[in-house]
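Please look at the sequence and the structure shown below. The paragraphs that follow lead through them step by step.

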Amino acid sequence: MIIYIVLSLCVVIVQSTLSRYLAIQGVHPDFCLVLACVVGFLFGEYKGLAVGLTVGLFQDLLSPDGIGVNIVLKGLAGVLSGVITHTVSTVTWPSILAGTWVLSLGCGLASLVIAFPDVSATTFAYLLTTRLFPQSVYNSVLGLGCFMIIRKYQRPDSLFELLNRH
Amino acid sequence: MARAAPYLPMSTGLRRISIVIVVLCVGVWFLLPRQSQAVLGWVGNPLSSVLEVPLKWVASLQQAVGETWERYVALQHVEADNQALTLEVARLQGEVNLLKEQAIIAEEFERLLTYQQTAPMKTVPARIIGRNVSNWYRAVIIDKGQQDGIEQEMGVITEAGVVGRIIRVNPSTAVVLLVTDPNVAVTGMIQKSRDEGIIQGTPQGTIQMKYLPPLSTVDVDDRVVTSGLAGDFPRGLQIGKIQSLIKADTDLFQAAEIVPIVDFAKLEGVLVITTFQESIPINLPAPLPPPSS
């Protein structure tokens with residue numbers, strides 16, 4: 001459990017300090033969502049849920065959202081990514097890419113509705129095209145990259161195997 | 001058998017003459033030192049130029065050997081020294097950068113503290129330790145929280161003007177929602193025309209002043225300040241300048257795009273307003289003394 005907390009804490013710190021340097025046209029990647037998805041894809045829905053809940057809690061503590069929004073969304077993303085790996089017969093890169101993209105889009109849409117509840121249709125469309133879609137693409141590419149790297153360098157004594165055993 | 005060269009002894013007369021000449025020369029050298037020096041110089045100068053060549057040759061050889069020694073033999077540890085010095089230079093450059101950075105931060109905080117001492121309100125200085133963790137809000141995280149007396153809805157400023165409002169308070173940190181976020185609204189006023197309105201961020205990241213009176217004489221480049229009506233900011237703090245006016249024929253009110261006075265991208269330190277007087281005190285003239293009867 002401690003390893004989940006440490007990993008989640010590191011990712012939230014990176015999110016709050018370094019993500020602005022990785023922003024493309026003002027679109028920040030959501031490392032917390034990527035972490036929950038990648039863990040879900042690699043180690044199944046339970047690990048995905050645990051990491052999603054932990055990282056969501058930390059994100060909520062530093063976010064203007066009320067506590068609970070990110071816990072639910074990231075936890076859900078972790079579970080669903082685990083479910084995707086069970087659903088598809090072989091986990092290939094298109095399934096990871098599409099899975100992360102759909103989950104990112106869903107989480108982003110929910111966050112968008114919560115952050116801007118009474119926004120006009122024009123502004124909503126603007127946010128959808130300038131932030132939500134680019135961010136989901138960014139997250140999915142990032143998630144796929146992380147997944148492939150971890151898969152390639154996965155060793156029995158690696159951090160992620162350690163994570164898997166706990 | 002080869003015969004040895006015959007020894008030719010100097011004749012006694014010649015020997016005597018030589019002795020006399022030597023004694024005379026020594027005597028002259030003792031008795032007339034200055035004059036003898038000139039004569040000796042006349043004789044010795046050509047000899048010195050003959051000596052010069054081998055001397056130079058030996059000197060250059062000595063120099064070459066010395067240089068070889070210094071370059072290759074005596075400097076065999078120079079590579080290690082060089083590496084150590086390179087590391088030292090890199091370390092010192094890092095230190096210099098760090099000190100420069102600290103100096104810049106100290107300068108900014110000095111400005112903030114100077115402003116804090118002169119501002120007509122109680123404030124808590126805070127450092128920005130993080131930016132928005134979500135893509136949907138424009139927020140920063142500061143290093144002061146409940147333990148430092150920070151509460152929700154408190155105003156956050158710099159010496160330049162309004163930054164935002166505290167939206168979440170943790171024990172030792174707090175989240176500040178910037179005025180560029182659509183979820184923040186501040187009551188504002190055009191400094192010149194005294195027209196009031198609501199300052200609110202937009203999803204595009206700009207600031208708008210809404211609900212300006214339709215007959216307002218507001219113009220581009222007019223300064224916008226807080227009106228002090230809502231209770232979280234005192235009156236008169238700068239927010240920005242009017243960039244453009246928005247008014248359709250069907251609109252009841254005017255609106256204006258505002259360029260914020262604070263550069264949010266370079267924000268490093270802020271002041272959180274904890275308490276303030278409702279209006280900035282003005283030095284009124286002293287009341288007149290009662291008329292003497």
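A residue is called buried if 20 or more other C-beta atoms lie within 10 Å of its own, exposed if 12 or fewer do, and partly exposed in between, with C-beta atoms placed from the backbone. By this definition, 45% of the 166 residues of chain A count as buried. The structure is a predicted model, in which local features need a pLDDT of at least 70 and side-chain atom pairs count only at pLDDT 80 or more, whereas totals for chains, interfaces and linings use all residues. Residues are numbered from 1 along each chain as its sequence is written, and chains are lettered from A and ligands numbered from 1 in the order in which they are written.

The predictor's confidence in each residue is its pLDDT, on a scale from 0 to 100. Chain A has a mean pLDDT of 83, with 92% of its residues reaching 70 or more. Within chain A, confidence is highest in α2(A), at 90, and lowest in helix α7 (residues 159–165), at a mean of 58. Where pLDDT is low, the predicted coordinates should not be read in detail.

Chain A contains 7 helices and 0 strands; here helices (H or I, at least four residues) and strands (E, at least two) are DSSP runs, numbered from the N terminus. Helix α5 of chain A, residues 93–115, has 23 residues. From its first C-alpha to its last, α5(A) reaches 32 Å, close to the 33 Å expected at 1.5 Å a residue, where the expected span is 1.5 Å times one less than the number of residues. The buried residues of α5(A) include Ile96(A), Trp101(A), Leu103(A) and Cys107(A). Against which helices do the buried residues of α5(A) pack? They pack against α2, α4 (69–87) and α6 (121–152) of chain A.

A nonpolar core is a set of buried Ala, Val, Leu, Ile, Met, Phe, Trp, Tyr and Cys residues joined through C-beta atoms within 7 Å. The largest such core has 83 residues, and Leu35(A) and Val176(B) have the most contacts inside it. Helix α2 of chain A (residues 31–43) gives the most to this core, with 12 residues.

Two residues are in contact if their C-beta atoms, placed from the backbone, lie within 7 Å. Between the chains, 24 residues of chain A are in contact with 16 residues of chain B. On the side of chain A that touches chain B, α6(A) gives the most, with 5 residues.
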